[in-house]
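Subject: Structure handover

Hello,

Here is the structure we spoke about. Please open it alongside this note; my findings follow below.

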Amino acid sequence: MATLNDLRAVVRDIHITNSRQKRNNVVTNTIKRAFDREANAAFGLIQGFYHPTDVTFAKGPDSKTKVLLMKPVGDHCNLKCEYCYEIQRLTGTHEKVMGVDEMRTYLRNLVAHSDISDVFLHGGEPLLAGKKFFKEFIDTIKQMGLYGQLTLGVQTNGTLLDQEWCDFFMEHNFSIGISLDGDEELNNKHRVDHKGRGSYEQVMKGIKLLQDNDMVFGIITVVGSETAAIPGIAKRILDHHIGIGVDYVDVHPAFTPKDTSGNSADSNMSRVQYTSFMTELAYAWAQSSNPNLRLRCIEDIIQNLTNERSVSCFASGYCTSIIGVDPSGAVSPCTRPFHNEYTFGNAGELDLQTIEQQDAFKKFVKNESKGQDITKACEWSGLCGFGNCPHERFTDGKQDPAGKHVYCSCHHEDNPNNGYPGFYKNLFKVFQEYHQWLLQTEYA
């Protein structure tokens, strides 16, 4: 069976072979970027992590916050995606939205005199906050003397984009992420509005507007268990995205704990399904026709095989470097649903330095470290960020950052060739076959 060293060696061999051949395809270009330490800024994703250069990646979680995720309208959204982990929290509630004065207070308390380098607006659908809110957001950053010093970004479903939004995001150099789950049939099966109508047409209008303005953006595609069961689905998704002219893609398995998000957990992939889908995705990526395609979930792994960590939060092992703030000012880990015990404090009352001293913050850092420690005996640990996202870890069926990740099959009483280890072993086969093809065609 393939080992971590086997995988690392074949990726290095491809890099060395390509230094002679100068191929221009998706595999060689992705590996070259990883070895050249090229940043992923165009993904519209987090850039501010400290990256240790120790190849053993022994460093534990970082308790210094680098990234702020702001939710100006909380979980409110003009769509109602079936797998969304935020639906449960909005059912029967009247969550407030963030006022301009509150936004200013949160920014000053959390960003001023801190190590935060990245501020992203998330949701829900953050564009529902309106253009005036976003303009006040920029004005506040300018008043703080931080304009041009922070990486700014927005994750949106794209349905509300117009030319004025595009002009604003271009002027202020926002990174942009768009949510789209594939072709019209795939997307409209799960990404629907509150009347059950598909969102594909509206999203594509937004994407075309970005393209017409020569704006760089990334697409995030969420794949649930029902979609993953469709034969050839990975290639179908990638072919669609390439066909509409998209270069930056990330694919997320739909997964959310049932005890924090209710029935949206019905869309979760099993470990067996995860391994099968991700393997199919890796082959589809390696055989894709677009040499400029950047598939983040593959790039994360290749980056983690080099001496520098991935820039993605869950693949880097630095999830404690991120905080999220909702309209009420409550500060918690990222924007994904955690239990109330991990609410760190209120940004309307406390600055970041004080929040980082709260018992709840220290508890999260401690439990995140415990969750990473569980993976130490697994040779593949560095590739999944030492246990991947703490939002998806469990103890006795309950979400627990100190527990075992749902896809860490090496720590479950089932086949260790499922989940992450199974996928990484299969990924070795993908690269091995590719390298053999390189050698066979070198002098053809």
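The chain exposes about 17900 Å². Carbon and sulfur atoms supply 49% of that area. Please keep in mind that this is a predicted model.

Overall picture. The chain has 444 residues, and 60% of them count as buried. It holds 17 helices and 13 strands. Take the contacts between residues at least 6 apart in sequence: 74% of these join residues at least 24 apart.

Helix H5. This helix covers residues 131-143. Its 13 residues should span 18 Å at 1.5 Å a residue, and the end C-alpha atoms are 18 Å apart, so the two values agree. Its buried residues are Phe133, Phe134, Glu136, Phe137, Ile138, Thr140 and Ile141. What covers them? The cover includes strands E1 (67-70), E2 (118-121), E3 (151-156) and E4 (174-179), along with helices H4 (100-110) and H6 (163-171). Just after H5, Gly145 takes a positive phi of about 75°.

Three phenylalanines of that buried set, Phe133, Phe134 and Phe137, also belong to an aromatic cluster. Lys142 lies over the face of Tyr147, with 4.9 Å to the ring centre.

Aromatic pairs. The structure holds 25 of them. One is Phe338 with Tyr342, an edge-to-face pair with 6.3 Å centre to centre and 80° between the planes. Phe338 counts as buried because its relative accessibility is 13%, under the 20% cut-off. Tyr342 is at 3%, so Tyr342 counts as buried too. A second pair is Tyr407 with Tyr420: the centres are 6.0 Å apart and the planes are at 80°, so this pair is also edge-to-face. It links distant parts of the chain. Tyr407 sits in the loop between E13 and helix H17 (419-440), while Tyr420 is in H17, and the two are 13 residues apart. Both Tyr407 and Tyr420 are buried.

Lys363 lies over the face of its ring, at 5.7 Å from the ring centre.

A sheet to look at. Three strands form an open sheet in the order E12-E11-E13, with antiparallel pairing. Which strands are at the edges? E12 (398-399) and E13 (404-405) are, since each pairs on one side only. Two bridges join E11 (residues 393-395) to E12. In one of the pairings, Thr395 has Lys398 of E12 as its bridge partner.

Best wishes

Notes:
Residues are numbered from 1 along each chain as its sequence is written. This is a predicted model: local features need pLDDT of at least 70, side-chain atom pairs count only at pLDDT 80 or more; totals for chains, interfaces and linings use all residues. Side-chain values use heavy atoms; hydrogens and water are left out. Two strands pair if DSSP finds at least two bridges between them. Helices (H or I, at least four residues) and strands (E, at least two) are DSSP runs, numbered from the N terminus. Buried means under 20% relative accessible area, exposed over 50%, partly exposed in between (1.4 Å probe, protein chains only). Contact means heavy atoms within 4.5 Å. Accessible areas come from the Shrake-Rupley method with a 1.4 Å probe; for residues, only the protein chains shown count as cover. The expected span of a helix is 1.5 Å times one less than its number of residues. Rings of Phe, Tyr and Trp (its six-membered ring) pair if their centres lie within 6.5 Å; planes under 30 degrees apart count as stacked, over 60 as edge-to-face and the rest as tilted. A charge sits over a ring if NZ of Lys or CZ of Arg is within 6 Å of the ring centre and within 35 degrees of the ring normal.
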